[in-house]
Amino acid sequence: KNWTNLYDVVYSFDNDNSFDIEERVNQHYQMWDDYYNKCAKMNSKNVEEEFIYNNSLYMFEYAFEIEKYGIDIGHPFYFVWCWNQCVFWDMHYIVDAMLDSNNTSAARDSLKFLLKHMRKEGKPFPWMFIYDGHTFLDEKRDIAPLVIAAHAMSAIKYYETTLNKEELEDLCYPIISRCANFAVEVMFTKNEFGKYIISLPVSNDVVEEEGSEINQTFTTVWFLTIIAKAIEYAKVLNKPYNPIFDEIINNYYIEHDENEYYHSKGMKASDHIWASWIPFINYPTEGMPFLDESLVMKTREKYNYIDLYEEKQNAYQPWTECIEAQASLRTKEYEIADNFKEYAIKYHVFGEGYFAECGPKKCSITHAPYVSAHGSYTSFVLNRFVMGSIWNNELSLFVGLPTYMLHKELNVENVNTYKGVKVLIGKYTPTTFYCKLSNTIDNKVTVRYPVNANGTFLYVDNERIDYHFDAKHGTITFELKAGLHTIEIY
């Protein structure tokens, strides 16, 4: 029944004996109990950090009616006027967070949504679109194809997390291959030196009238990841693929000099009118195989993220602060990673634990909760404890912790990562470490060594094993066969 006002609703409770409000309340509690019991748990001994994490999980579930609303960038339940309630590249951070936090079914629904609305011709996805696939953006202003890479990356991370070959064939690969084919057919050509570059003029956003950046590094590196994975998965599925894929992966060019990676052809990050994303070039692109590690570090040392965003861009965007934290995990700068997370919490959380943002040049305000930031935040706080790689079988357990956390008792449960790994229980104390995990393939495991451990004993499945201890980084590394395992250090 469509109630006309609140009085009618309250009146119905008093006069409709068939409506058992106590039963409905109990059903409501049970629904949320079931949800939180399924999701990853995190105890970092930081009340504010844990509250925002649990609040983020709440928003992902409460807002998740993807066929009706999509996944909105801003407030997912009330602010219909916020970015026209559109899905765009920020959706990737929500999918990433749902995968890490063991909400795999919602991530699967997201991919089904993408596959349903993926275009059969032209651009696979526009910069933004609503629940029925309609976009409010005209083609001339649709100048940021990184959204195509973002949606393909969601499919890549879903498969890398589940290793479900049937879903790879039916759900993930159709998205990945479509996006990769569009890139090589429309975006990539050879430069004057015979190297493949993205010659299509692009932008990082749609705030400009037209794209002007040639071979923009962030977009190029991300599409190299998409193309490389399209090759890999075609071989897994025994499918043919465009031979240009191999040509590009073996003969690409990223703009740089001996001191830094450029924002795009002929343009350093310092010369760009907007804030360049060069400081976090390795996340979410996961483009490490295509980047020179020493040059990445030189670039990161040269450009101060906060200057780029709060001074040059005159904006604050906590989703990028947490992305910078993620990039720092991948360069093993764990103190810097934690500092960015703390910065986002201290300055850009409002109300009852919600992120908000002020857009470039203060041209937009996204009211709390800014759900994209909750996505990148959620992935970061979990990846400090459990992080895999889409490229190899390396697994890090409790490695990404800053120094001050090494003297605390920490634990997580039900955390997913790549290559089919799930950490069922992970416990760290200054003197001991315990983990119970399941892994689908053999893994090379690196574990944070307890900072005050009395002995040097490592047990896997109750059997003592020899290992290599890296005193510089305080970690141990060993091989772990596929299966269900326990790991103990004391």
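# Helix packing and burial in a predicted model

Visitor: Which residues in α7 do Thr104, Ala107, Arg108, Leu111 and Leu114 in α6 meet?

Guide: This is a predicted model, where local features need pLDDT of at least 70, side-chain atom pairs count only at pLDDT 80 or more, and totals for chains, interfaces and linings use all residues. Residues are numbered from 1 along each chain as its sequence is written, and side-chain values use heavy atoms, leaving out hydrogens and water. Contact means heavy atoms within 4.5 Å; helices (H or I, at least four residues) and strands (E, at least two) are DSSP runs numbered from the N terminus. The α6 residues meet His151, Ser154, Ala155, Tyr158 and Thr162.

Visitor: Are α6 and α7 parallel or oblique to each other?

Guide: Axes are lines fitted to C-alpha atoms, for helices over the stretch in contact, with angles from 0 to 180 degrees between N-to-C directions. Those of α6 (residues 104-117) and α7 (residues 146-162) come within 10 Å and cross at roughly 140 degrees. Under 35 degrees counts as roughly parallel, over 145 as roughly antiparallel, 65 to 115 as roughly perpendicular, and the rest as oblique. The two helices are therefore oblique.

Visitor: How are α13 and α14 oriented?

Guide: The axes of α13 (residues 318-330) and α14 (residues 334-348) come within 7 Å and cross at roughly 165 degrees. That makes the pair roughly antiparallel.

Visitor: Is the crossing of α13 and α14 left-handed or right-handed?

Guide: A crossing is left-handed if the near helix is turned anticlockwise from the far one by less than a right angle, and right-handed if clockwise. The crossing of α13 and α14 is left-handed.

Visitor: Is Lys112 buried, exposed or partly exposed?

Guide: Lys112 is found in α6. Buried means under 20% relative accessible area, exposed over 50%, partly exposed in between (1.4 Å probe, protein chains only). At 45%, Lys112 is therefore partly exposed.

Visitor: How far apart are the C-alpha atoms of Lys112 and Leu171?

Guide: Along the chain, Lys112 and Leu171 are 59 residues apart. Their C-alpha atoms are separated by 6.9 Å.

Visitor: Are Cys39 and Cys435 buried or exposed?

Guide: Cys39 has 0% relative accessibility, so Cys39 counts as buried. Cys435 has a relative accessible area of 1%, so Cys435 is also buried.

Visitor: How many disulfides does a search of the whole structure find?

Guide: A disulfide is a pair of cysteine sulfur atoms within 2.5 Å. The number found is 0.

Visitor: What percentage of the residues in the protein chain is buried?

Guide: The protein chain has 15 helices and 18 strands. Of its 490 residues, the buried share is 57%.
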